[in-house]
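Hi everyone, thanks for coming.

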Amino acid sequence: LDHLELLKATIGKEEVVQHGVIDLTLVQRFAYATGNSNPIFWTNNTEPADVPVPPTLIFEVNFSSNKPVNREDGSYPDIELLPKKLPVLRASNDYEILKPVKIGDRISVVRQLSSVTRKQGKRGKLIFLDFELKYFANDSKNHVGTNHESLILLEPEGDTSH
Amino acid sequence: LSNPSDLRSLSFEDVGVNTEITPIERKISIVGNAIYSAATWDFYCVHYDREFARQEGFSAPFADGQMLGALLAEMLTSWTSSFNSIKRLKLRYKAMVFVGDSISCGGRVTQKTQDGNDRKITCDLWIHNQRGEDVITDSSATLSLPIRNKRSP
């Protein structure tokens, strides 16, 4: 079977792909990494619970997963139905922030594939993957955000099967 | 207010259609990309390994698109002085941002809406590189702002 067909068979199926706790160090490192110089992240006399969580942090951080990072190329085997890791580009993100999260919150990420399409590009075939990722804090009913994400995988010519 | 950062937050009355968002600028570096990879636990080597990026068919390591979202979010939270104002952030990536590029993030208010106590603004967002090229396109944010008389003194 073409791996595209295998991927299509997973459309609409929800899977908990990540989970983890937001802690002060994670927030501080994220703020530093994005060049955020707001002193609120670094004030020693601020209680950790009062340090805000940057609004896009939950969408950008890879929380712990049962599928650990590949030590060779840094990739995640998230899309395990593909025959090998393909170069990936990001097409779009649409973040809906429903509720603020705070330090100490335990985040769960539920992902489902919404659509898969293949198109011909200049440098080979392109696979467009649209995902919906829902974020929950502490409770599976406490929906705090959604990320509609579109990725483009660059598929070499003639490489369409397992 | 539970969040100390909200004490001087921008109010709904402070902005109008066409109000410009205070811009920010960043230079993309290989070390910066590596720090972002470590902070987000996303170690895809194409963002910080020149040889790997070349093997994958790219001219140089490039920034993770989501980092651009973080920069826009920082721009918006700095402008509003509130970490809770952003309700939606839509990003459509148009061009890659390579190591060595400098980018300017900006935006403009395009709409104000009020539905009862719910006051929102919509903003067009943009990021240009040092050549003036659009890095994102059709990107926007929706923010919820307080009314002035609800602000702390």
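Let's start with a question: is A:Lys134 buried, partly exposed or exposed? A:Lys134 counts as partly exposed, at 23% relative accessibility. Here buried means under 20% relative accessible area, exposed means over 50%, and partly exposed is in between, with a 1.4 Å probe and protein chains only.

A quick word on the background. This is a predicted model, where local features need pLDDT of at least 70, side-chain atom pairs count only at pLDDT 80 or more, and totals for chains, interfaces and linings use all residues. Residues are numbered from 1 along each chain as its sequence is written, chains are lettered from A and ligands numbered from 1 in the order written, and side-chain values use heavy atoms, leaving out hydrogens and water.

Back to our lysine. A:Lys134 forms a salt bridge with A:Glu132, with 3.8 Å between the closest N and O atoms. A salt bridge is a side-chain nitrogen of Lys or Arg within 4 Å of a carboxyl oxygen of Asp or Glu.

Now over to chain B. B:Glu74 and B:Arg26 meet in a salt bridge at 2.7 Å, N to O. B:Glu74 sits in helix α3 (residues 65-80) and B:Arg26 in strand β1 (residues 20-27), so this pair ties together parts 48 residues apart in sequence. Helices (H or I, at least four residues) and strands (E, at least two) are DSSP runs, numbered from the N terminus.

Finally, A:Arg90, A:Glu149 and B:Asp64 are linked in a network of salt bridges. Over all chains, the count is 15 salt bridges.
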